[in-house]
Amino acid sequence: SLWSQRAADDLARFAAAWDLPVAVPFRRQDRMDNGLPQYVGDLGVGMNPALGQALREADVILSLGSRLGDTLTGGYALMDPVRPHARVVMVHPDPDQLGTLWRADPGVVADPRAMVAALAALPAPAPGWADWRARLRAAYEDWQKPRPTPGALRLEQVVTWLAEHLPEDAIVTNGAGNYASFLHRYYRWRQMGTQLAPTSGSMGYGLPAAIAASIAHPGRMVVCLAGDGCIQMTVNELSTAAQYGATPIVIVANNGRYGTIRMHQERHYPGRVSGTDLFNPDFAALARA
């Protein structure tokens, strides 16, 4: 959580000089310009399988401020804390995190912003990772090509359109739900502070986050993606937006259900659906009111 645009720029300089692949943690995609050739994707829910395999292949991992927890490692299937396959160099501002999950070698108690600034100032060695980095970048580019999903309205097309047309300083927010995986996969973040999303997986986060962002940055475009179940957790905050003049654009994936929970019901208990169908209001009419 300790990061800045300067840190993002320092990370870009360090990665370019050493020609290293950089993966960002779950819902931290604005920590580095996604358009740079060293950026290879995000670790987390619905990650690119090629990136997960790269985590398995790595012999050294430099973690700048991340815990490398279960979400980033596929529930520790990609990295086992008991039998680690890679040397983990861990930089974290909280000394209690060093050695909690991984035997850090070494563990450095530091602000990751200061560490990445120091790394960017070092002379680069002869590059030895160019081919691996290029392969991972190509896998990221392929992962970004829209794969068609069923239905008349396709979220992969919606998010691809947003990525192509929103200004680089647009702030994009979301809560929790399967709809968010389309955003993670197909959108490209360019600047620090343009992604507001809950790493805890909190439903309802996107709307109040978008309202707060619109109030804090009245001259910038703010777009919230939300599921129908997600937005109804905090839809009362529309009154806050109206009261204080916030103007976020809200896109609701309205499929009449708690989609993620329903997915797990169907996957683990086929035919035993419970409590996941929704009776929704007319969201456009609600916004007008």
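For a chain of 289 residues, a compact globule would have a radius of gyration near 19 Å, and the 20 Å found here agrees with that; the radius is taken over C-alpha atoms, and the globule rule is 2.2 Å times the number of residues to the power 0.38. This is a predicted model, in which local features need pLDDT of at least 70 and side-chain atom pairs count only at pLDDT 80 or more, whereas totals for chains, interfaces and linings use all residues. Residues are numbered from 1 along each chain as its sequence is written, and side-chain values use heavy atoms, with hydrogens and water left out.

Along the principal axes, the C-alpha atoms fill a box of roughly 60 × 50 × 40 Å. Of the 289 residues, 39% count as buried, that is, under 20% relative accessible area with a 1.4 Å probe and protein chains only.

The chain holds 11 helices and nine strands, which are DSSP runs numbered from the N terminus (helices H or I, at least four residues; strands E, at least two). The axes of helix 2 (residues 49-57) and helix 4 (residues 130-143) come within 9 Å and cross at roughly 155°, which makes helix 2 roughly antiparallel to helix 4, a term for angles over 145 degrees on a scale from 0 to 180 degrees between N-to-C directions, with axes fitted to C-alpha atoms over the stretch in contact. In this pairing, Pro49, Ala50, Ala54 and Glu57 of helix 2 meet Trp132, Arg135, Leu136, Ala139 and Trp143 of helix 4, where contact means heavy atoms within 4.5 Å.

Note on methods. Parallel < 35°, antiparallel > 145°, perpendicular 65-115°, else oblique. Buried < 20%, exposed > 50% of the residue type's maximum accessible area, 1.4 Å probe, protein only.
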